[in-house]
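Subject: Structure handover and findings

Hello,

Here is the structure I promised to pass on. Please open it alongside this note, as the findings below refer to it throughout.

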Amino acid sequence: MPNESDIPDVDEIRQKIEEYETTIMGLRALCKVISDHYKVDNPTTPLRTSFGRRMTTSSANCVHPNNTATPDAVIQIEDDWGMVVEAKRTMPQNNNDRWRNTVDQLRKYDDNLVGWWTSSGELIPANITLLIDVDRSIDFSRYVQSLIDNGEISTFQNPTSIIEFFKKQEVKQFLHVRQVWGRLEPNNLSQKLEGGKSISVEGLIDGQRFYDQEPEAVEYTMVLLWQTVFTERYIGTKFDELAKVWLIDVDLDELTESLQKLYGQKSNEARERTFPRKRWIKKALDAFVLLDLAFHLEGNNKYVVKFKRFRGGDLFQRFYKHRISAKKKDATTNFGQLELFETNKLDQNLIEKDEDVNSDD
Amino acid sequence: MEITIMARSAAPKYDPIQAFESWVSSLSSPNNFFGILPMLKKFDDHVQLRESIIYHKGDFSSVIERISRIAKIEVNNYNSSPWLFSARIIGEDSAKENEGLLAFIPGKYPNMYRVITVSHSLFWTDVVRKLVKRSYPEAMRVFFKQNEIHDALKILENNTENNLRVHILDGTLKAKRDTVQNRGRSQFNTDRVWRDQSVDEMFEEALEKNQWFTSLTFAIQRKIGKESQNYFTIAKGKISKFGEVYCDSYFEEIEEYIITTLEGYASERLELYQMRGIRERDYKPSPPLEIKYNIDIFDEVEEIRRFGRTMVKYPESSIAVFHGNPYYHANIADFADGSSFDIWILSPDRVLIAPQARSTPQALERITSYIFYQFREGAVKEYAE
């Protein structure tokens with residue numbers, strides 16, 4: 001029998017979701033600070049942002065020459081100021097030097113990247129920022145500094161900084177960003193961020209619910225699908241009198257595109273990343289299957305959602321139970337190994353397809 | 001002498017229901033409806049001109065047809081008119097009071113309509129109100145806020161003759177309980193009060209006691225003599241928060257100063273609710289709407305919890321609560337309409353409503369009315385930093 005204590009409780013799931021949404025808000029808060037900084041002198045200053053853009057590394061790149069780097073955000077003002085941002089809401093403990101990967105990601109951006117919205121695609125010098133949760137910001141800063149001091153890595157060529165972010169409750173909710181390590185250009189922006197800036201969370205509410213990282217809790221995607229897509233689509237669909245559910249035909253590709261337009265990023269520009277990815281949506285639909293709220297049709301892309309009107313009670317409480325179903329399924333399916341293998345193979349195909357499109361996933 | 005008496009007693013008694021039906025069915029267009037108001041005489045106690053103010057876009061006939069099936073009410077077009085309907089409850093040995101005529105009349109503002117009858121209360125509550133309530137999401141009865149009702153009554157008072165006054169005769173008032181609540185127990189006390197009090201006094205008293213009217217009966221009263229301090233009632237009316245107004249006389253004045261005023265407020269709010277869904281805005285989300293309170297209501301965490309408990313009970317909806325306190329964030333989906341909203345409390349004095357993929361004005365009116373009635377009334381506007 002499954003051990004339910006292995007399964008996170010619903011509050012842990014909510015916590016993961018909050019972390020995910022706060023990271024998106026952190027990115028948006030940083031964009032806002034930069035935008036406000038430049039708008040003081042010129043209120044019409046155009047700000048360009050992308051939450052996931054493929055940049056090309058040079059042959060001199062110390063981590064991945066002649067390859068692609070995809071920062072979580074690329075921010076550009078006019079043709080002469082830019083920043084690439086890597087966002088980390090959660091960082092594991094630094095066991096086995098795990099933080100070194102993150103440092104290498106920053107070093108990968110320490111290059112003359114191509115992919116800016118300029119005629120040549122270049123922008124020199126570009127700022128590099130690690131946006132990191134307050135819990136690890138100081139330790140991580142010390143770690144980077146120690147690598148430099150010990151000569152394990154060279155000093156960054158581009159202006160590089162570590163900016164921490166956290167929510168704080170004062171009279172109202174704010175998202176606070178503060179530079180804790182390194183430098184930025186121009187200097188007055190760096191100084192402003194060293195002092196810390198608080199941005200009202202109310203001003204950060206926006207349609208964007210995903211960024212270029214998969215949410216750790218699939219319940220997040222499930223709730224968005226159920227509440228905003230299926231609740232709209234069930235009206236006018238066939239009602240199954242026996243099962244007392246409405247049957248909604250779903251095409252995985254179409255559903256993914258719909259969520260990308262509503263809550264993510266979808267662009268025809270080759271450098272722009274597209275999210276949420278099909279694989280994330282499939283995971284959510286498969287979780288509905290485990291809850292007997294959907295079934296999978298022949299082939300890989302078609303599902304039928306069994307829509308119910310869930311009155312009262314919180315949907316997270318309902319949806320997180322797919323984890324228990326999944327555990328039970330794992331524990332009791334002896335003869336289903338082949339089927340599981342096949343499903344995993346299909347999942348793997350999807351991952352590979354995703355990775356074709358997003359080569360550095 | 002005898003003949004005279006016989007003639008008097010034989011004179012047909014004025015039947016306001018019949019008179020209304022006769023006038024309204026002779027109209028060539030619903031737009032001419034307000035022209036019949038001067039012709040209506042004062043009704044007796046049990047019959048009133050009753051109106052429900054609704055927001056609607058499209059063809060109400062098809063809505064009526066759908067609702068009549070589910071509400072078990074027989075509705076037919078009257079005289080082949082697309083805006084006039086006869087209605088009665090199906091399958092009951094129906095009392096005469098349970099059948100009647102209702103007119104669907106365009107209001108004074110875009111997409112605002114009136115469902116109007118002259119009837120006894122039984123026909124109104126058992127038939128018309130049921131039809132109106134069931135007409136959601138195609139049509140939504142509007143909500144009257146406390147300050148809007150106050151304003152409308154003051155406008156009526158300011159526009160009546162010198163020897164007339166407007167008084168409140170009775171009201172049903174709701175107030176939040178002071179004691180800590182059990183989950184299953186209502187959070188409110190409801191009181192019925194009988195008064196003969198001026199409009200300002202009544203509303204000020206309610207404000208002091210933190211009470212709000214569910215409905216109230218007002219009267220237009222005339223001074224008995226020049227020197228006298230006594231008044232007698234010449235017209236009575238009733239206003240319900242849920243978009244209903246009744247009256248038994250002074251139809252033109254009540255139409256112009258009460259109903260049109262209240263309809264104007266509702267129309268303004270519904271105008272604000274237009275084009276809010278992410279999809280209809282070509283995937284560029286609308287700024288959130290805010291319900292702003294004049295006090296820092298959410299300074300107390302218990303009020304955030306109470307708000308959360310209130311939203312869990314929102315009818316015909318599902319809810320996903322992202323965060324409970326110290327700030328509140330939930331998503332609410334409206335089953336009847338398919339709209340959905342993110343609800344946020346991040347400041348002590350406001351609730352933010354962020355419309356999602358689909359968001360109709362009807363669904364926004366429903367959710368804001370619910371928050372007003374079940375939690376607290378506030379001012380709605382588009383949020384701006």
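How many of the 7 residues of strand β14 (residues 328–334) of chain B are buried? The count is 7 of 7, so to speak a strand that is mostly covered. Keep in mind that this is a predicted model.

**The covered strand in chain B**

Side chains in a regular strand alternate between the two faces of the sheet. β14(B) can be read that way. B:Y328, B:A330, B:I332 and B:D334 point one way. B:H329, B:N331 and B:A333 point the other way. Both sets are buried.

β14(B) has two antiparallel partners to look at. One is strand β13 (residues 317–323) of chain B, paired with β14(B) over 6 bridges. Here B:H323 stands opposite B:H329. A hairpin of 4 residues joins β13(B) to β14(B). B:P326 sits in that loop between β13 and β14 of chain B. The peptide bond from B:N325 to B:P326 is cis, with omega near 10°.

The other partner is strand β15 (residues 340–347) of chain B, which is antiparallel to β14(B) and joined to it by 6 bridges. B:A330 has B:I343 in β15(B) as its bridge partner. The hairpin of β14(B) and β15(B) has 5 residues between the strands. In it, B:G338 takes a positive phi near 85°.

**Where the chains meet**

Which elements of chain B give two or more residues to the side that touches chain A? First, the totals: 29 residues of chain B are in contact with 29 residues of chain A. The elements are β13, β14, β15 and β16 (350–355) of chain B. β13(B) gives the largest share, 6 residues. By class, this side of chain B has 20 nonpolar, 7 polar and 2 charged residues.

**Domains**

Chain A is assigned domain 1 (4–204) and domain 2 (218–357). Their C-alpha centres lie 31 Å apart. In the contact, 14 residues of domain 1 of chain A meet 13 residues of domain 2 of chain A. Helix α1 (residues 10–39) of chain A supplies the largest share of the domain 1 side, 5 residues. That side has 6 nonpolar, 4 polar and 4 charged residues.

Chain B is assigned domain 1 (2–141), domain 2 (146–241) and domain 3 (289–382). The C-alpha centres of domain 1 and domain 3 of chain B lie 35 Å apart. Here 4 residues of domain 1 of chain B are in contact with 8 residues of domain 3 of chain B. The domain 1 side has 4 nonpolar residues, no polar and no charged.

**The sheet in chain A**

In chain A, 7 strands form an open sheet with mixed pairing. The order is β1-β4-β5-β6-β7-β8-β9. β1 (47–50) and β9 (197–200) of chain A each have a single partner strand, so one side of each has no neighbour in the sheet. Neighbouring strands are turned by 25° against each other on average, direction ignored.

Strand β4 (residues 73–77) of chain A runs antiparallel to strand β5 (residues 81–88) of chain A, with 5 bridges between them. A:A73 stands opposite A:V85 in β5(A). Helix α4 (residues 187–195) of chain A packs on the sheet and touches β7 (160–169), β8 (173–182) and β9 of chain A. The direction of α4 makes about 120° with that of β8(A).

A:P186 is in the loop between β8 and α4 of chain A. The peptide bond joining A:E185 and A:P186 is cis, with omega about 0°.

**A helix pair in chain A**

How do α5 and α7 cross? The axes of helix α5 (residues 218–233) and helix α7 (residues 278–290) of chain A come within 9 Å and cross at roughly 80°. The two helices are therefore roughly perpendicular to each other. From α5(A), the contact uses A:V218, A:T221, A:M222 and A:L225. By class, the contact has 8 nonpolar, 1 polar and 1 charged residues.

A:N66 is not a glycine, yet has a positive phi of about 50°. A:N66 counts as exposed, with 10 C-beta neighbours inside 10 Å. A:D97 is not a glycine either and has a positive phi of about 60°. A:D97 lies in the loop between β5 and α2 (99–109) of chain A.

Best wishes

Notes. Residues are numbered from 1 along each chain as its sequence is written. Chains are lettered from A and ligands numbered from 1 in the order in which they are written. This is a predicted model: local features need pLDDT of at least 70, side-chain atom pairs count only at pLDDT 80 or more; totals for chains, interfaces and linings use all residues. Domain bounds come from an automatic or database domain assignment. Two residues are in contact if their C-beta atoms, placed from the backbone, lie within 7 Å. Ala, Val, Leu, Ile, Met, Phe, Trp, Tyr, Cys and Pro count as nonpolar, Asp, Glu, Lys and Arg as charged, and the others, Gly among them, as polar. A residue is buried if 20 or more other C-beta atoms lie within 10 Å of its own, exposed if 12 or fewer, and partly exposed in between; C-beta atoms are placed from the backbone. Two strands pair if DSSP finds at least two bridges between them. Axes are lines fitted to C-alpha atoms, for helices over the stretch in contact, and angles run from 0 to 180 degrees between N-to-C directions. Angles under 35 degrees count as roughly parallel, over 145 as roughly antiparallel, 65 to 115 as roughly perpendicular and the rest as oblique.
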